Amino acid sequence: MFKKIGFTNKWSVISFFLIILILMPSVFILIGFFNPISDTWLHIRRYLLKDYIYNSVILVFFTGLFSIIIGVSLAWFVNAYDFKYSNFFKWGLILPLAVPPYIGSYTYVGLLNYTGVIQTFLRNNFELVLNQSYFNIMSLSGAIFIYTIFLYPYVFLITHAFLQKQSASLVEVSKTLGKSPISIFFRIILPISRGAYVAGTTLVVLEVLNDYGVVKYFGISTFSTSIFQTWFSLGDINSAIRLSVYLMAFVIIVLFLEKLSRGGKQYSYSNTKIKPLKAKKLTGWKNWSMFIYAFTVISLGFIIPVLQLIYWSIISYGKILNMNIIQTVLNSIGVSLVGSFIILVAAVIIANTVRIKKNILTKNYARIAVLGYSIPGAVIAVGVMIFFLKMDNFIQLISGQNNMLLLSSSIFMLIFAYLIRFLAIGYNSVESGFNKIGTDFHEASRTLGNGITKTFFKVDLPMMKPALMSGFLLVSIEILKELPLTLILRPFNFNTLATRAFEYANDEMIHESAILSLILIFISVILVYSLTYIKKKGR
Amino acid sequence: MFVNMTDIDFCYDKNNENILEDFELNIDKGQTLSILGESGSGKSTILRLLAGLERQKKGQIVIGNKIMNNENTFVSPENREVGMVFQDYALFPHMTVFENISFGISNLSKKQRKQKVLETLTLVDLVDHKSKYPHQLSGGQQQRTALARAIVTEPQILLLDEPFSNLDTNLKNNIRESLKEIINVIGITTIIVSHDKLDALKLADQLIVLKEGKIKQKGIPEQLISKPNTGYAESILA
């Protein structure tokens with residue numbers, strides 16, 4: 001029986017249990033959906049749900065649209081043209097990813113408010129006192145600006161990588177057919193890169209739906225904020241579960257639309273000789289306008305917020321620089337290292353099983369492993385909390401100690417939630433590493449008398465170190481910046497840079513949150529840079 | 001029969017058609033068999049089934065009186081004592097020639113291992129290259145390293161999947177000669193998959209022509225080449 005479901009080695013057994021574990025929180029959410037409806041839910045459904053849906057749709061649609069415009073245009077410009085500092089922009093334009101949107105949001109609020117740098121400058125130098133509503137960023141359109149400027153790099157990154165590999169001959173043949181650069185962009189580049197920018201935009205949209213920090217700070221009601229509110233302020237877990245299911249339905253619609261807009265539009269080259277595009281050297285106003293465009297985007301998404309944070313840090317470091325901050329930094333680094341390690345181990349076990357045992361069961365392993373990234377943090381938090389409380393109930397039943405909350409008050413719960421949410425990132429890196437080395441080396445080792453485990457450690461592992469390192473770094477960055485899961489599931493008195501920075505900002509102590517935010521951004525920049533270095537070396 | 005495949009059905013994807021259907025194959029001990037056929041005819045699949053890298057839907061595989069695979073038994077690749085040379089050699093890029101060859105005999109003592117690897121290196125004329133990494137070797141040297149790695153474990157059968165496809169014509173002729181010599185010296189039962197009739201002519205005692213998973217013609221290479229019995233065999237053996 002065991003052999004029939006694929007239990008032929010240790011790898012498939014462990015994978016099976018990992019997959020079951022990953023599915024558990026979702027199962028509990030689904031079961032919870034059928035609990036009796038409460039008065040709170042009736043109130044939410046009647047008066048609030050419409051707002052949640054409206055706000056989420058507006059945020060998702062416009063952030064997606066603007067991210068495509070900025071991400072695709074910049075990806076094309078840095079690929080096709082050689083303009084001032086274009087080589088720097090190739091990786092510099094990724095830097096806004098190092099700034100979590102919630103940090104960006106309170107930085108911009110501080111910059112633009114009455115006592116902020118901009119209004120103070122206008123008052124002191126030009127005696128200009130403008131209408132405050134011009135500077136109010138705490139609105140739906142403000143949130144769209146924040147999300148776009150800090151999340152567009154997802155579209156930029158994927159489209160840039162795609163265009164880098166594109167056949168130069170397509171552009172060259174268009175030129176010989178008399179097409180202008182604008183015509184080439186709209187008739188060739190946009191259609192062929194559709195799959196890439198749709199994938200990038202989907203990531204942006206999923207991040208928007210996952211976000212809690214920006215909308216909470218701006219006072220915008222979305223599914224994320226309402227799940228928190230229903231659960232913690234109203235104490236109604238069943239309604240929180242219902243909202244989670246609605247949010248998941250929203251996510252499924254997004255993923256369906258992604259599939260729909262990509263379906264039938266996947267172009268591939270008819271020959272394998274793909275040479276990179278030779279960038280055209282720009283001079284004069286064209287050179288400067290490209291530079292100004294790219295520099296404006298990077299300034300808004302990185303330079304301006306970071307300079308503001310540095311300024312605030314300088315004026316507030318005396319108040320905040322103490323032993324607690326070191327502890328917070330160590331917590332952040334520790335939890336992201338341990339979390340990333342566990343995620344990578346799980347990803348390797350599942351991906352290796354999928355690679356070696358190809359059957360219907362393992363095909364679904366791959367789907368389940370990447371599922372978590374599309375589930376917003378607040379939903380995972382609800383599911384994981386219920387799952388761990390059930391396990392604690394079970395432990396209490398066995399041990400006879402009624403007040404013991406062994407698992408649901410521990411760091412394991414948080415790490416487990418990270419595993420579900422970020423396994424997709426680790427899994428994709430590991431899978432691409434396995435794809436790159438193929439199966440010949442593995443099979444050669446097997447025919448030479450080595451089992452799966454020995455083959456993995458002696459042959460596969462040394463050959464896919466770069467892929468594993470990339471996966472580790474990517475997951476570390478995500479855990480470091482993660483907010484909603486950490487806020488809900490962290491053990492009592494356990495703070496990370498993200499939670500502390502957010503709490504300070506939420507308590508109107510923006511200056512105090514600056515140093516923590518800066519440290520977080522600094523570590524993220526190092527990780528992002530290491531990642532691009534590894535990828536460059538790998539090429 | 002030393003190698004015996006009986007009544008084999010195989011397909012890569014359950015929804016697809018069978019690559020092999022009711023396939024039968026018998027080889028005597030010490031014999032060298034060449035399988036010729038066009039791409040997709042199922043010739044590499046036969047090697048992968050013998051090596052245990054794939055499992056058939058139906059039928060039985062026996063190597064040296066031991067059942068390797070049938071409805072109730074499956075001997076995994078690491079326990080089959082089968083040596084295989086892959087089409088692109090699959091030399092481990094992070095290991096030297098010496099390390100690549102000694103990889104399959106790590107159960108032996110260090111001294112025994114060294115001695116055995118040196119003997120094999122001498123056989124394939126690669127002693128001077130033992131400290132090099134695969135990327136520092138020529139195509140022919142890479143091929144001989146892959147061969148050495150496969151035979152050092154003293155397998156029951158040797159499987160060669162398109163062993164000359166990555167070599168240029170001049171090199172092919174030389175390597176064929178030395179491969180024949182090595183196979184003769186160790187007297188191993190060998191199966192060579194190829195689409196080049198010269199491989200069969202120079203190396204094999206027996207030849208089969210394969211089309212869509214079925215044997216179209218079988219016999220001694222010289223006879224088959226002079227008297228192909230179908231248009232397909234003629235085109236393959238031309």
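Buried area is the accessible area, taken with a 1.4 Å probe, that two parts lose on being put together, summed over both. The exercises below concern a predicted model.

**Exercise 1.** Determine how domain 1 and domain 2 of chain B are arranged and how much area they bury between them.

*Solution.*
Step 1. The domain assignment of chain B places residues 1-81, 157-164 and 189-238 in domain 1, and residues 83-154 in domain 2.
Step 2. Taken over C-alpha atoms, the centres of domain 1 and domain 2 of chain B are separated by 26 Å.
Step 3. Contact involves 12 residues of domain 1 of chain B and 10 residues of domain 2 of chain B.
Step 4. Between them the two domains of chain B bury about 880 Å², with 58% of it on carbon and sulfur atoms. On the domain 1 side, Leu158(B), Asp161(B) and Pro163(B) lose the most area to domain 2 of chain B, together 43% of what that side buries.

**Exercise 2.** Characterise the polar links between the two domains of chain B and the composition of the domain 1 side.

*Solution.*
Step 1. Between domain 1 and domain 2 of chain B the count of salt bridges is 0, whereas 6 residue pairs are in polar contact, both residues at pLDDT 80 or more.
Step 2. H1 and E7 of chain B are the elements that give two or more residues to the domain 1 side. The largest share of that side, 5 residues, comes from E7(B).
Step 3. By class, the domain 1 side has 9 nonpolar, no polar and 3 charged residues.

**Exercise 3.** Describe the interface between chain B and chain A.

*Solution.*
Step 1. Chain B contributes 22 residues to the contact and chain A contributes 17 residues.
Step 2. The two chains bury about 1,700 Å² between them, 63% of it on carbon and sulfur atoms.
Step 3. There are 2 salt bridges between chain B and chain A. In a salt bridge between the chains, the side chains of Arg48(B) and Glu443(A) meet at 2.5 Å, N to O.
Step 4. Helix H1 (43-51), strand E6 (82-85) and helix H4 (139-151) of chain B each supply at least two residues of the side that touches chain A. By class, that side of chain B has 13 nonpolar, 5 polar and 4 charged residues.

**Exercise 4.** Locate Glu154(B) and decide whether Glu154(B) is buried or exposed.

*Solution.*
Step 1. Glu154(B) lies in the loop between H4 and strand E7 (157-161) of chain B.
Step 2. Although not a glycine, Glu154(B) has a positive phi, near 55°.
Step 3. The relative accessible area of Glu154(B) is 54%. Exposed means over 50%, so Glu154(B) is exposed.

How values were computed
Residues numbered from 1 in each chain as written. Chains lettered and ligands numbered in written order. Predicted model: local features only at pLDDT ≥ 70, side-chain atom pairs only at ≥ 80, totals over all residues. Heavy atoms only, no water. Contact = heavy atoms within 4.5 Å. Salt bridge = Lys/Arg side-chain N within 4 Å of Asp/Glu carboxyl O. Helix = DSSP H or I, 4+ residues; strand = E, 2+ residues; numbered from the N terminus. Nonpolar A, V, L, I, M, F, W, Y, C, P; charged D, E, K, R; others polar. Buried < 20%, exposed > 50% of the residue type's maximum accessible area, 1.4 Å probe, protein only. Domains from an automatic or database assignment. Polar contact = N/O pair within 3.5 Å; in protein donor to acceptor, adjacent residues only side chain to side chain.
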